[in-house]
Amino acid sequence: MVIKTKINYPFIYILMDPTIVFVYKIETQNYITVLDLSRTEAWGTFELEQEVEFETFDHRKNKSTQGRTFFANQDDMVLLVEFINQQIQKNRQLRTNGPVHIVSSESTAGSLKSGLLRPKTVIGFPDFLSIGPLGKLDEKMAQTYRKDWLIDNINFEQETEYPIKFSNTLREIEDIPSEVPIYIWYGNNANEQVCMRFLIHLLKDKTNKLFLINSTDLYEKHISTQKQPLHIFNTSQIESQDIKMLFEKNNKDTPLSDKERNHLQLEWEALAKTKEVLRIWRNGEIKGVPEDHVDSPILQMIENLQKQQGNNVFIKIGEVLGELIVQLEEFVDIFYLEYRIRHLIYSGFLEIKGIPKSLWNYSIRMRNE
């Protein structure tokens, strides 16, 4: 772990060895991740004759050490990133002239950035709140509990970056200036509906004008009647050029009233107390369902595919997931579907070929009696 730190902004001094000082220069106002830290060249390394020199150390008066390599473990890197982000936030001078748009995924944020006119700020929430435990997610204890559940059950590749990105997003929301309007984009699915309510909770102390944009309703109203009819349930399905048009159709709506904001915040507080780890969107409401809610449809789907392809054939996991996404009555996150498939393997209902290290690396079939 980090033994000692000292700030000489924009420089951060880190003593991780009795006589070795790492000097990191903050060169951005954007919050960083472990990947950013490992790729940057904003590091310097200096050697001390004795540890007590650290208190008076000034890298500008010393010569850096060349030709030496030092390694930090993953936990140390996470602590360093958190410390650096704290310093960025303390010294951040955010200038936002245009509106702030918040959406419940990083990929969808990319579509908004491409589609919306400048100036604007887009924040993508790095989570999928239709699955996993909730709780008071603006507090570290609930964040840690949720992270541990996701790591234990969900096959996603950003285990280290996830909690950092989550914290960074909370910082970005906290940093929003009071004078700009805020637009929350969401669709008719459990993930975006839950996230929208959580975002309103996070914004409870903000006096900004707050607007909601139901992207799927707007799409069906203004676009699907003009093009080949297509049922849209998630903002991520909408192309960048259509995002621009939908915003222009919606941006004259009145902001949420205090009563509406309070109502949605109370709905979040009720959701945060629930214990289910799977939520679906049914009849205009968020519904918590049992953990095995999709197990029977999964088995039926695999059985049908095997009848079509041959009873003994192993079917690629990607093909099964693709069929499930299309045919399930309610949208369920693809990561959760894969989690339940692994559960059915471990429970003896399915056989596996390959290693389940990702969503695409193995095949499955019904277990022969």
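Predicted model: local features only at pLDDT ≥ 70, side-chain atom pairs only at ≥ 80, totals over all residues.
Which residue does a polar contact of 2.9 Å join, side chain to side chain, with Arg-197?

View 1. The side chain of Arg-197 is joined to that of Gln-193 by a polar contact of 2.9 Å. Leaving aside residues up to four places away in sequence, Arg-197 touches Leu-264, Glu-267, Trp-268, Leu-271 and Ile-286.

**View 2. Packing of helix H4 against helix H5.** Helix H4 spans residues 140-153 and helix H5 spans residues 161-174. The two helices pack at an angle of about 145 degrees, and their axes lie 11 Å apart. The crossing in which H4 passes H5 is right-handed. On the H4 side, the contact is made by Lys-140, Gln-143, Arg-146, Lys-147 and Leu-150. On the H5 side, Tyr-162, Pro-163, Phe-166, Ser-167 and Leu-170 take part. Taken together, the residues of this contact comprise five nonpolar, two polar and three charged.

**View 3. The buried face of helix H3.** Helix H3 covers residues 106-115, and its buried residues are Thr-108, Ala-109, Ser-111, Leu-112 and Gly-115. Viewed down the axis of H3, these buried residues fall within an arc of 155 degrees, so they line one face of the helix. Ser-107 and Ser-114, on the other side of H3, are exposed.

**View 4. Asn-312 in the loop between helix H10 and strand E11.** The loop that holds Asn-312 lies between helix H10 (295-309) and strand E11 (315-316). Asn-312 has a relative accessible area of 51%; because the limit for an exposed residue is over 50%, Asn-312 is classed as exposed. When residues up to four places away in sequence are not counted, Asn-312 touches Gln-306, Arg-365 and Asn-368. From Asn-312 to Ala-190, the separation is 122 residues in sequence and 36 Å in space, C-alpha to C-alpha.

Key. Residues numbered from 1 in each chain as written. Heavy atoms only, no water. Axes fitted to C-alpha atoms, helices over the stretch in contact; angles between N-to-C directions. Helix = DSSP H or I, 4+ residues; strand = E, 2+ residues; numbered from the N terminus. Left-handed = near helix turned anticlockwise from the far one by under 90°. Contact = heavy atoms within 4.5 Å. Nonpolar A, V, L, I, M, F, W, Y, C, P; charged D, E, K, R; others polar. Polar contact = N/O pair within 3.5 Å; in protein donor to acceptor, adjacent residues only side chain to side chain. Buried < 20%, exposed > 50% of the residue type's maximum accessible area, 1.4 Å probe, protein only. Arc of directions from axis to C-beta.
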